[in-house]
Amino acid sequence: MRIILASLLLLITATPASFQTNSRLGMSHANVARLRPFQSQLIETTRPENCRREHRIFTEKPHMAGSVQNYELAKYVAKRWREYGLEDVELVEHPVYLPWPIRYEATIVAANEKLSLKEDPIPQDKDSYSDDVGIPYCAYSADIDVTAPVVYVNSGNPEDYDLLAKQGIDVRGKIALARYSVPYSYRGFKALTAEKRGAAALLLYSDPADDGFKKGEVYPWGPWGPESHLQRGGIVYDFNLPGDPRTPGWASVPGGRFLPAETAVSMPTIAAAPMSYKDARKLLEKMTGPTAPDAWQGGLPFRYRLGPTSDKLHLIIENDKKVRSIWNVIGRLRGVERPNEWVVLGNHRDAWVFGGVDPSSGSASMMETARALGQLKRNGWKPRRTLIFASWDAEEFTLTGSTEWGELEAERLKAGALAYLNVDSSSSGNSFSASAVPALVEFLRDVARDVPDPSGGSIYDAWLRNSRAEGSKEALVTTRLGSGSDYTVFLNFLGVPIADLTFDGPYGVYHSIYDSFTWVDRVGDPGYYYHAAMARYWAVAALLLAECDYVPLDYAAYAREMQVYIDETERAARERKMQLDFRSVREAARAWERNGMTASAGARSAVERGDRARVELIHKGLMKVERALLDEAGLAGRPWFKHLLYAPRPTYKALILPALTEAIEAGDNNLARAEIARLSRALNRAAKAIDF
Ligand SMILES: [Zn+2]
């Protein structure tokens, strides 16, 4: 559909055209030249057909966190990694609070009509006939047994409830029916909002205007969600605290210390569950009351109304309250020269059902990345630094596996981690997309220049083309970092520079049973060329970081971006007529920028002169900067989040300068002044770490 085979075959055998000079990769020309054959080997040994074979294995059965199948897959990953030549491969167990569903029923009372609450099999996808898909649910939902009318709350955002209130519609004690928003807004925020507004429960449905037939062809003919697809997912308040709710800030280990889960700041008190539009339409058709505003009208062929429904719904949601063991798989390629300096590569393994795209496309790419790097080592490569491969468990619940492991290994990670490279879904389409701290932007672009794209040219060429189509002059990297995948513990708790990578495209089956092997094989990435492209990109990035002379973190760029955030924040304060003096943060950001430039230039010239002591000094300094942006006290009400430049909002959207911004949004002058001082101290620490 998207790929011309002839050009692909050419690409697989071609050597990438351009290799960069040292400045952005943090290494000498000689080092770049030394690595060139290794890069070519990585690119040549990585094969789409291997990705497809692995993908079939990962997606064969539902593999939710805590299930036997996901444990079996953990053992499979470990076995394969050992075969690939990875070292110290181990399954790391974390006992965590991981409720599973017991009961989900919804009956329209007077009509005595039971909603199906399940997805229909389709003949083109044998996996959709599986008996093991389980009860669809929202993880960490409260339990409920209620009979109440239903109200349509559009996207379930605060302004939606305000509009309902203006229309005289009271949601208190009623069941709120919200559609999943596009663009994506975290469902936990919808739960929090419904909880605050006093709804009895929340039903989250997939409207055809958002990810179904109104967008285009539905599966199995196209990428969009068929009639009965529904989106499972967590509603936990992990924007307050990710990981096991019983262990805020420390690891859950067998025999360890645990608090009661119910009291955690991450636990919702509202009940919520997902629904297809096939079921939801039966409620929407029964809505009385005023017609919905045009912006609230979805894709079903009748006029939406605000409600309440003429008939009540009897809703039962029940989950067990169990602690279950989850299993991260950790493997290494040990560094020869600097074993305690780590480059970490991670992907989660657990899926809501089959996990076609999310996350098994990433798992398939990761297996190929691990195989290629293991092969390289067998062929004589001696990694300078240690590469760590992580197959995380229970990401879907509350970023659980990565968070617990990050907490377990906190000291070693803070001392020696250069970067964390995350791939959740690797390929729902062909459009390369990257999020990262500003310090890694140029490095990511350079890696993209060295890896071929299945469409011809390099990944960078295709990426730049797409970015230009969006009106950007440069290849776009999202640097405003919120949350939503396993990089959170690394950035927000540990202060490790992160990047999050994917190829995306139209994708309407997220967290449904149709997110399967067949969806990927037929629609998302036929031929698995983008899976292989991701494996190559990931492997080359890991190689370059493992081998650099000094870590290629560009803090002048980071500090420049910071000044944009300071401008925005100052504007927000002025709009609220707050009297705040930003001079100290500005001065600190400028010092940070100057030192960032001096450090990069100094490292470059020291590499050229062969002054290894100087290179080492600057390298060690660069490694401290992201850590310096943490403040141990953390953010108000959520001390686990320690980074003072980035945090997620409850929607998962990025909150820049979070402590200060929250003080300004609360209109609290004194707190804002204190936060300016705290931010200045962090920026000064960052500047001082690279004061050469
Ligand atoms: Zn995922």
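This report looks at one strand and its neighbours, then at some salt bridges.

## The model

This is a predicted model: local features need pLDDT of at least 70, side-chain atom pairs count only at pLDDT 80 or more, and totals for chains, interfaces and linings use all residues. Residues are numbered from 1 along each chain as its sequence is written, and side-chain values use heavy atoms, with hydrogens and water left out.

## Strand β7

Strand β7 spans residues 175–179. Strands are DSSP runs of E, at least two residues long; helices are runs of H or I, at least four; both are numbered from the N terminus. Five of the five residues in β7 are buried (under 20% relative accessible area; exposed is over 50%, partly exposed in between; 1.4 Å probe, protein chains only). Ile 175, Leu 177 and Arg 179 point one way, and Ala 176 and Ala 178 the other. In a regular strand the side chains alternate between the two faces of the sheet.

Pairing needs at least two DSSP bridges between the strands. Val 150 has Ile 175 as its bridge partner; Arg 179 has Tyr 205.

## Salt bridges

The structure holds 53 salt bridges (a side-chain nitrogen of Lys or Arg within 4 Å of a carboxyl oxygen of Asp or Glu). Arg 56 and Asp 127 form one at 2.9 Å, N to O. They sit 71 residues apart in the chain. Both are buried.

Glu 341 forms a salt bridge with Arg 338 at 3.0 Å. Glu 341 is buried, at 5% relative accessible area.
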